[in-house]
Amino acid sequence: MKKLNFKVLFISILLIFSLALIPGLSCIEISDTRTSPPDTPTQTANVTAMPTQTPAVTPIIRDWEPPISTGSAINLPSIADIVAQVKPSVVAINTEVVSYDFFNRPYTQEGAGSGWIIDSNGLVVTNNHVVEGAQTITVTTNDGTSYTADIDSVATDVLNDLAVIKIDARDLPAVKIGSTSRMRVGDWVIAIGNALGQGIRATEGIISRKDVSLQVDQGQTLYDLIETSAAINPGNSGGPLVNLAGEVIGITSAKVAQVGVEGMGYAISIDTASPIIQELVTRGYVTRPWLGVGLYTVDQLAIRQLNLKVDQGVLLTEVVKDSPADKAGLKKWDVITSIGGEEVVAVEELTKILHAAVIGKPLDIIYWRGDEERTTQVTPIESPRP
């Protein structure tokens, strides 16, 4: 019996001790269950404090009102109308090129590109790289008529990536020519061409930049390009880039194809292309000022191998016998640092200056031979016929 009373006493003490540990409870609260008066400190502590008064806000301009919408906007021409106007003048170009495999066995490789009719009597403009090396060239007009071009009637200019094809046709719808100089960055343009070789289609965009230089191959740089956000895809090459008046202002030529790069297509300015196209039609080739030299941009490899005394300039890798450069005293491994009064550090710079020079007008040249700086004068002549 004493043992039982001891257990009861122990459980009672343990229960009282446990209740004392519960937050908010105490031995006094357990023994006294009366409600506290409303004004006791315990209840007052639970009342939320009143917010302090917010200071007055000072207006920027008390009587300002937003501008009123005029509701006026420039109504742009319908792109569909422009495409309908130009599309009959755009052609699809399909080519066949004979290539050779690893074992020197020939096989036929097909290519596709675009072009546009510049003259109703069968003159078609495109890119040189579209028709380069082709054994057969087929031109298909908008109405589905196909023409096989005479290879001998194709005139090309490699440096500016332009070509003119003559097909046996009459009364073709020729496109209108515009001017790049009147176009501004942000102006709307439309690229029309045989994209992916799947037929003539159109894409729209704006002019992103003008007067762009782009190296498209080793030793070849295109100048005076138009950069556009209009989608340029394989097969578009040679097609027209037109303004909202339906005039050709560029010839689509290249696209930067790199991971993460979007909306960077390029077209050859029609202002640059027009005189070249004229020469291709009237002469069959393009004449330019010619010096008769091979060129290479000075780099660390050339400096080490040739022990050059200058670290920039244009190295002469060849001087053609009896050429203007030969007659001016220039020799292989000379380094040109200035031509026509302008410093040059790369082949592209020298080439651009030379193309802008006048045939028969002397150019001052500063060059290095070994550790000696020299000067001479060279008179460009007409470039030899290809």
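Modeller: A salt bridge is a side-chain nitrogen of Lys or Arg within 4 Å of a carboxyl oxygen of Asp or Glu. This is a predicted model, in which local features need pLDDT of at least 70, side-chain atom pairs count only at pLDDT 80 or more, and totals for chains, interfaces and linings use all residues. Residues are numbered from 1 along each chain as its sequence is written, and side-chain values use heavy atoms, with hydrogens and water left out.

Colleague: What makes Asp157 and Arg288 a salt bridge?

Modeller: The closest N and O atoms of Asp157 and Arg288 are 2.6 Å apart, and the limit is 4 Å, so the pair qualifies. The two residues belong to distant parts of the chain, 131 residues apart: Asp157 is in strand E6, and Arg288 is in the loop between H6 and strand E15 (289–290). Helices (H or I, at least four residues) and strands (E, at least two) are DSSP runs, numbered from the N terminus. Both Asp157 and Arg288 are buried. The structure holds eight salt bridges.

Colleague: Is Glu227 called buried or exposed, and why?

Modeller: Buried means under 20% relative accessible area, exposed over 50%, and partly exposed in between (1.4 Å probe, protein chains only). Glu227 has a relative accessible area of 8%, so it is buried. Its salt-bridge partner is Arg209, at 2.8 Å from N to O. Arg209 counts as partly exposed because its relative accessibility is 41%.

Colleague: How do you know that the buried residues of H4 line one face of the helix?

Modeller: The buried residues of helix H4 (residues 79–86) are Ile82, Val83 and Val86. Seen down the axis of H4, these residues fall within an arc of 100°, so they line one face; the arc is that of the directions from the helix axis to the C-beta atoms. An α-helix has 3.6 residues a turn, so residues three or four places apart point the same way. Ala80, Asp81 and Ala84 are exposed on the face of H4 turned away from the buried side.

Colleague: What is called the largest nonpolar core, and which members touch the most others?

Modeller: A nonpolar core is a set of buried Ala, Val, Leu, Ile, Met, Phe, Trp, Tyr and Cys residues joined through side-chain atoms within 4.5 Å. The largest has 30 residues, of which Val86, Trp116, Leu162, Leu225, Ile251, Ala273 and Leu280 touch the most other members. Helix H6 (residues 270–282) gives the most to this core, with five residues.
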